2 protein chains.
Amino acid sequence: MAGGQRLVVVGADAAGMSAAHQARRVTAARGHDLDVVVLERTTHTSYSACGIPYWVAGDVPDGSALVARTAQEHRAMGVALRTGVEVLALDLSRRTVRARDLASGDVENLPFDQLVLATGARAVAPDWATGGDGTPVPGVDVVKTLDDGRAWVDRLAGSAGRCPEHAVVVGGGYIGLEMAEAFVRRGLSTTLVTRGEVMGTLDRDLGERVRHALGRAGVEVVVGAEVDAVGTRPDGSVRCVSAGGRDFPGDVVALGLGARPASELAARAGLPLGDLGGLLPDDRQQVADGVWAAGDCCESVARIGGERVFVPLGTHANKQGRVAGENLAGGSARFEGVLGTAVTRFEAAGVEVEIGRTGPTSQQIARAGWDAVSLVTESTTASGYMPQASPIAVKVIADRATRRLLGVQLVGGRGTAKRVDTAAVALWTEQRVDDVAAMDLSYAPPFSPVWDPVQIACRRLADRL
Amino acid sequence: MAGGQRLVVVGADAAGMSAAHQARRVTAARGHDLDVVVLERTTHTSYSACGIPYWVAGDVPDGSALVARTAQEHRAMGVALRTGVEVLALDLSRRTVRARDLASGDVENLPFDQLVLATGARAVAPDWATGGDGTPVPGVDVVKTLDDGRAWVDRLAGSAGRCPEHAVVVGGGYIGLEMAEAFVRRGLSTTLVTRGEVMGTLDRDLGERVRHALGRAGVEVVVGAEVDAVGTRPDGSVRCVSAGGRDFPGDVVALGLGARPASELAARAGLPLGDLGGLLPDDRQQVADGVWAAGDCCESVARIGGERVFVPLGTHANKQGRVAGENLAGGSARFEGVLGTAVTRFEAAGVEVEIGRTGPTSQQIARAGWDAVSLVTESTTASGYMPQASPIAVKVIADRATRRLLGVQLVGGRGTAKRVDTAAVALWTEQRVDDVAAMDLSYAPPFSPVWDPVQIACRRLADRL
C-alpha cells in the first residue's frame, strides 16, 4: 500500500484495534504515513468480555479493570478513534463509509482506501426473554458487553429494590458455567437449564462429569430442556422460567445461549455471508479488494477438517486483526485456522473443576467421515502421593488409519485446564498419538505424575491401535 | 526373539521394571514365553526419588507412598523379582551374570539370553562430606534413596537427640531448591550454598529471579562459593560448613550436588562409557548384542544439538526401559532423545515460585556455535485483572537464521511451570517462533492473558528477528 492513504476500521474491540495498530506499525516501518480512523458505536474499547462473569462474582473490583486499553490510550498511540459513532452503511464502489455521530446526530460520508470490518458478535436472546414484543424482561439479561456486566453487578446488589435469591442460568456452555459459578459464589440458589448436556463443546461422557461437579456444588442442573416461557411479577420483572413443563424460580436469569456474528452491515453492502451468518475472509482476512474482516463477525476455518466454524474468542480476534493490519499495509501474513482450543472452570462451594478442549468433538469427527478411535484415561494432576493431586480425565481421539491425534478433552481438578495447550501444539503440528507418547514433557511431583496425563492417554491409545 | 528365553534385568527401579514388563507384554502378545528375572540389590523397587523432598517437608505421610509398585506387585505381574541380590560381574561372552544373595552370601552364575542394565545413578558426595576417610559425617547426607529419605525424616524429628535448627543446602539445582523448601517449611533457618547461580540449568538472568525468591522466603543464599570443609561437634556430628572463607551453621547439611551414572559393573564387563561416565546405548537402547541399557546409568542424546547429555530423570528412565523391553522382545522402538524439559518450584514462607525449562541454555547454544537471539518477556499467569494473576518471565531463545525455537525458560508464580510443555512440544516438532505465535492456545481469565505468555514471548521475538 502506498503511504498517505486512509484506513477506516469499524469496531474498536480486539480485532479492530489489533488491525489498526498493526497497520500503523507496518506502514511506519516502511516509511509511509497511514491515516487510521476507527469508528466505534459504544464508548467502550478493547475490553475483556470473558472477564465479566468474574466481575459479577466479585473477583474483579470494577469493570474498568476489564478494559485493556481505553480510547484515550489508543489515541495516544496515533489512532483517530471516534466513539459514539455508528456506521450506517458501506459503499464499497465509492469507497465510503456512512456514519452518524450518536451525540450530535450528524451524518457524514467518510472516504477510505482500506476498510477493516470488526463489528463483533451479538449475544443470542430468545423471544421469551423479551416478552415477545422486543422489550427486555427486567432481570433477564445476556452477558456480553461492559454495560451488561454493570447491569449484572447492580442487579445482584439489589438495584431492583431487592437482592435476588434465586438465579437461573440458561445455557450450559462457557458463559453459562461461569455465571453459575458467579451466582453460587454470590450465595444465590442456582438452576442451570441446558438443551443438551452441560458443556456441549465436549463429548457427552466428559460433559457429564462437569454436570456432576455442578451438582456437588448445589447447582440444580436441568439437561435436555429448553426454557420456553418466563413468569413475571406484577412489576414486570422475572419471577421464574418454564422448561420441560416445570417452573424454576429465578429473580434473575442469565442468558448464555451463545452469540451470532454482527454482520448485517457487511451483508447490506453485498458482502457474502456463510451458513453461520459470518463474513468469509480468506486466510489473509480479505473479503473484497481493500476490504478486510476480523474477529467475531467472521467465520473461521477449522484447521482439522477444514469446515467453516464460528468461534467468537479474543485469541482469534487478536490474531485475525493483526493479520488484516499486516496485509492491508502491504505485508504478507496468514491466519492459519482454529483448533477450537478453549478452557474454563467452575470453582464455587468447595467444588473445583477445570475444563479444556481442542480439536473437533467425536460427533464432529464422525460427521466428517473419519474412522476415529478414542479413549478416556483417568489419572491425577500431580503425583498421586502429593496433597494437591486431583483426578483428571483425558479423552484422546485419533484417526485409526494414520494414528494422527484429532482431538483432546480434559475434565479434572486444579492444574487440568492449561494442559490442553500441550495437546493443541501437538494437534497444530499434526502429531500421531505415538509421537506425543515419546515427547519429553515435564515432571515433578507437585505438577504431574511421571508420565503427564495427556501423554498417558496418548500412549494407551497408541497401544490399543 | 524366540520364546522360552531368559531375560535378566539388573536394577528394579523405573527403567528396569519398565523394560521387564514391556518385554513380557510384547513377548506374550506374540505367543511366546519369556522368563524374566530381575535382580535388585536393595529391598526397594519402583520408587519416586523426586518425591523425597516432599516427604521430608511433610506433604507425604510416609515413604511407602512413594513406592509406585512393590516387589510383591511386580511378582504378581509375572516377573521373578529378587531383592537383596547384588550383581558382582557380567560375562558377556558366556552370557552369565554373577550374583550374590546378600542375606545368605550365596553366589551363583545366572545365564541369560538378553540382559538389561538399569543400575541407576549415585548421588555425588564430596570428600569433605565423609570426613576424608569415607565415613559419613552424621547430619550430612544426600537425598537419593528411600533410606536417605527415612534418615532425613528421622533427623528432622530429632533422632540425633535434638531437633535441628539450622540447615545448610549444598547445591542450587532441583534437589537443592526442593530441600530448601522442605527445611523452611519445617521451620529451620536455612542457608543454600551453590558454586554458580541458583538453578544452573537456567540462564543466569532467570536463575537470579529464583535466587531473589529464596531470599524473600528468608533463605540465606550464597552463590559462587563451594563448601570445602565441615565443622563437627564433639560427638562427630556436623555443626557448620565453610564456604568462601565463611562459616555457616548447620545442624543438618543436605547435599544436592547431582548424580553420576552407576556404570562400574558395565565398565568392568568391557562396555564403553561416555565422557559423562554413562553407558552409550544406541537409539534402540542397545549397548551390545542382546545387551540393553536404560535409565540413569546411561547418557542420552540431546534432541537439539545432538550431544550426549546426562539427565537422570524418571520420565526418560520409563521411556528408555519401555524401548529396551520392546526391542529385546523383537519389536522395533526408538528413544527419540531428550530436550531437557524440567520443572520444579519453591513454595514456603509465603513465597511461591515455579520454574520450567526446555531445550539447551544460552550458554550451551553458544558453545554449539549457533547464532541465537533471545528475549525475556514479562507477563502474568492469568489475565491481569484476576486475583490469581502472578508475574511470569518467559525467556525464548531462537536461531537467528532459521527462526527456529531452541529453548524456553520460565520463572513465575502459580501456573508457570507446566506451561513449559507447550514449549516442549513446539521444540520437539521443530517449530519457528512465528509458528508458536500463530497457534490456537487456550485462554480464559483465570488461566491466561488473551495471548499465552509463551506465545507473547515468541511473538515478540519473531517481531524482532
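Let's start in chain B, with helix α1 (residues 14-29) and helix α8 (residues 314-328). Their axes come within 7 Å and cross at roughly 35°. Axes here are lines fitted to C-alpha atoms, for helices over the stretch in contact, and angles run from 0 to 180 degrees between N-to-C directions. Helices (H or I, at least four residues) and strands (E, at least two) are DSSP runs, numbered from the N terminus.

α1(B) passes α8(B) in a right-handed crossing. Who touches whom? On α1(B), the contact residues include B:A14, B:S18 and B:Q22. On α8(B), they include B:G321 and B:G325. Contact means heavy atoms within 4.5 Å. By class, this contact has 7 nonpolar, 5 polar and 3 charged residues. Ala, Val, Leu, Ile, Met, Phe, Trp, Tyr, Cys and Pro count as nonpolar; Asp, Glu, Lys and Arg as charged; the others, Gly among them, as polar.

A word on the source. This is a predicted model, where local features need pLDDT of at least 70 and side-chain atom pairs count only at pLDDT 80 or more, while totals for chains, interfaces and linings use all residues. Residues are numbered from 1 along each chain as its sequence is written, chains are lettered from A and ligands numbered from 1 in the order in which they are written, and side-chain values use heavy atoms, leaving out hydrogens and water.

Now chain A. Helix α1 (residues 14-29) and helix α8 (residues 314-328) of chain A pack at about 35°, axes 7 Å apart. That crossing is right-handed.

How do the two chains relate?

Next, the interface. Chain B gives 60 residues and chain A gives 60 residues. The buried area is about 5,000 Å², and carbon and sulfur atoms give 64% of it. Buried area is the accessible area (1.4 Å probe) that two parts lose on being put together, summed over both. Which residues of chain B lose the most area to chain A? They are B:Y385, B:D440 and B:F447, together 16% of what that side buries. And 100% of the interface residues of chain B are also interface residues in chain A, so the copies meet through the same surface.

Last, a sheet in chain A. Five strands form an open sheet, in the order β22-β23-β26-β25-β24, with antiparallel pairing. Two strands pair if DSSP finds at least two bridges between them. β22 (342-348) and β24 (372-380) stand at the edges with a single partner strand each, so one side of each has no neighbour in the sheet. The twist averages 10° from one strand to the next. β22(A) and β23 (residues 351-358) are joined by 7 bridges. In one of these, A:E347 partners A:E352 of β23(A).

Two helices of chain A pack on this sheet. Helix α10 (residues 420-428) touches β22, β23 and β26 (405-412), at about 175° to the direction of β26(A). Helix α12 (residues 453-464) touches β24, β25 (391-399) and β26, at about 140° to the direction of β24(A).

Note on methods: Left-handed = near helix turned anticlockwise from the far one by under 90°.
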